Amino acid sequence: MPRSQKSKLQASEKRRQAQAEAQAGENAQATAAVEKESTSSFPPQYEDADQILPPVRASSTSQWYRRAQATTFTSVGASWARSDAEYNNQDYDAANSYEAAYYTESVGEDSLTRKPGLLEQFLLYKYKMKQPILKEDMLKIIGHHYEDQFPEILKKASERIEIVFAVDLKEIDSTRQSYDLISKLKLPNNGRVRAGRGLPKTGLLMNILGMIFMKGNCAAEEDIWKFLGMMRVYAGRKHFIYGEPRKLITKDLVRLQYLEYRQVSNSDPPRYEFLWGLKAQAETSKMQVLEFLAKVNDTIPSAFPSYYEEALRDEEERTQARASAIAKVIASSRAMPQNIFPPLVKPEFCYYLDKKI
């Protein structure tokens, strides 16, 4: 073999080896971070979220508050113990500490019960870092001896991520067995809204859309902030997932047309209210939002009877509107003249060419 060709092969082999080592290093970091998070404990002030909320009827909006708050506490409680400085100054910790850690290992828990929590932390880390999610890497996290239980573990992990962040786990490459978390709404940067890395904002938006729906399709700003306050999201206080919530909700999501933010007529001093924006109306529906809220509450949409009936009416109206639009397109196409364009080639010339061929 010529020396130049041999050198090229050696260089190519070194590059492949370096890439493999880099990937192994990333997975090792992710595994270490998962183990670190799984053994951390929630701050006491967030452990018993339900105790600070009054008992409510199963079908009321307040129960949705209660469940949404408890879900948020469970999913992010461990992360609140870290300061902003820790996130800003420690690049590794900020990158892979799974800021939405959703699971805490408790004493006496069997290892199989822990696996969905470990896996969901890994999935969120991969999402945040914009890295591919490969089945082989997930098996390394839960252990290859759990391969038979992998589908069930993955299903539980993805469902728990879905109800907090409103993202769906989808297989994007069956050959590589590669997955990604996809935002339920077409928010920029796959739900992150802003450029760069980060966790999705879709869950917050879906909750706000649900609040607007349950408040008669128009929610007062004070009601929105009251609800978000129960989720420990406050105007003017930087949130480790959402940034400055007021800017996100009243500026970014309004500019993107997912929310409408307007002054209440004749209000003095001025008060404001939220409605669904045009993009929200186009990309989702009352039924889809209700289905999301039902998952958060571990129930079915019909468990909210009045909202379910309204969602059904909305679905029927949407179906009728689509049918009407299609009928108009068909009618207009039939009304067009059939021979509005003259033939570019005379038929007899086509016959001549055919004979020659």
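The following paragraphs describe the overall make-up of the chain and then the packing of three helices, H9, H10 and H11.

The model is predicted, so that local features require pLDDT of at least 70 and side-chain atom pairs pLDDT 80 or more, whereas totals for chains, interfaces and linings use all residues. Residues are numbered from 1 along each chain as its sequence is written, and side-chain values use heavy atoms, without hydrogens and water.

The protein chain contains 15 helices and 6 strands (DSSP runs of H or I with at least four residues, and of E with at least two, numbered from the N terminus). Of its 357 residues, 44% are buried (under 20% relative accessible area, 1.4 Å probe, protein chains only).

Helix H9 (residues 202–214) and helix H10 (residues 221–230) have axes that come within 11 Å and cross at roughly 130 degrees; axes are lines fitted to C-alpha atoms over the stretch in contact, with angles from 0 to 180 degrees between N-to-C directions. The contact (heavy atoms within 4.5 Å) involves Leu-204, Asn-207, Ile-208, Met-211 and Ile-212 of H9, and Asp-223, Ile-224, Phe-227 and Leu-228 of H10.

H10 also meets helix H11 (residues 245–255), their axes coming within 13 Å and crossing at roughly 140 degrees. H10 and H11 are therefore oblique to each other as well. On the H10 side, Glu-221, Trp-225 and Leu-228 meet Pro-245, Arg-246, Ile-249 and Thr-250 of H11.

Key
Buried means under 20% relative accessible area, exposed over 50%, partly exposed in between (1.4 Å probe, protein chains only). Angles under 35 degrees count as roughly parallel, over 145 as roughly antiparallel, 65 to 115 as roughly perpendicular and the rest as oblique.
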